[in-house]
Amino acid sequence: MDPAFRPFRSVLYVPASNNRGMEKAKDLPEDAVIFDLEDAVAADVKPAARDQLADMLAGGGYGGRVCLVRTNGLDTPWGQDDLRVFGQADVDGILVPKVESTADLDALADLCPNVPLWAMMETPKAILNAVHIAAHPKLAGLIMGTNDLAHDLHSRSRPDRMPLLAALQMCLLAARAAGVVCIDGVYNAFTDKDGLRQECRQGRDLGFDGKTLIHPSQIDAANEMFGPSEVEVAFARRQIEAFDFAFANGKGVAVLDGQIVENLHIETAKALIAKNAAIVAARKD
């Protein structure tokens, strides 16, 4: 699978202390898993959770899913020891919590030079430094920590997420400028299927690559909303066919269903088809 088109529609958080949850994630249709050693694990069980996670990852079985580990910060009693996981198993990246500057990434890049870094964007300072964080040479992606961010902003929860839109878009701009992945924050009311779909639709329309999830029941909605539909794939193929025909006849643009089709639309169409192919390939892993 071309890593440039690796799908990130659904990114499921799983506490590293939850052995059953980590095992179950091997059979769920999520695109990526975040094994959490930080917020989701109580202080007194963090060492045991770390060892359990290392054993689970060493055993494999996650197929084509992207496997990230959210460690505790290096300024905590557990952060340094968490890094042992990356010497014991094949992991796709370190998700660094509370990133606020490139210095936070430099420290981990030096300690784990062969592991890509992902940054949790969950503080006002992180948002203001997003363009520098996203451009870090070891960074593979940004993940929105909307709960912590809303707390720090003293903002109120709204279905339209209006208080967070500026921060969401700043991170998207930074990610796109740097060419890295950008994943939307979680939807807390995991039993509210309509609310989840609405927020997934908003995140998709803004431009996010996918959504972080707190419960397996949210996976199908995220996969559907962030994945190309059959109608979209068919239309993309028609755009390419129309443009190729126009180009062969000496024209620089085509017209399809009353709409202009230019080269930029073809780039988007080809990317959508490639993303769909990557999703289909991932299902076979």
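**Ground rules.** I number residues from 1 along each chain as the sequence is written. In this predicted model, local features need pLDDT of at least 70, side-chain atom pairs count only at pLDDT 80 or more, and totals for chains, interfaces and linings use all residues, while side-chain values use heavy atoms, without hydrogens and water.

**Entry 1: salt bridges.** I looked for a side-chain nitrogen of Lys or Arg within 4 Å of a carboxyl oxygen of Asp or Glu. I got 22 salt bridges.

**Entry 2: glutamate 30 and arginine 65.** Their side chains meet in a salt bridge at 3.2 Å, N to O. The two residues are 35 residues apart and link distant parts of the chain. I then checked accessibility (buried is under 20% relative accessible area, exposed over 50%, partly exposed in between; 1.4 Å probe, protein chains only). Glutamate 30 is buried at 4%. Arginine 65 is buried at 15%.

**Entry 3: arginine 197 and glutamate 224.** This salt bridge spans 2.9 Å, N to O. Arginine 197 is partly exposed at 25%. Glutamate 224 is partly exposed at 48%.

**Entry 4: aspartate 205 and arginine 204.** I found their side chains in a salt bridge at 3.0 Å, N to O. Aspartate 205 is exposed at 54%, and arginine 204 is partly exposed at 32%. I also noted a network where salt bridges share partners: Asp36, Glu38, Asp39, Arg70, Lys98, Glu122 and Asp148.

**Entry 5: lining classes.** I sorted nothing further here.

Conventions. Helices (H or I, at least four residues) and strands (E, at least two) are DSSP runs, numbered from the N terminus.
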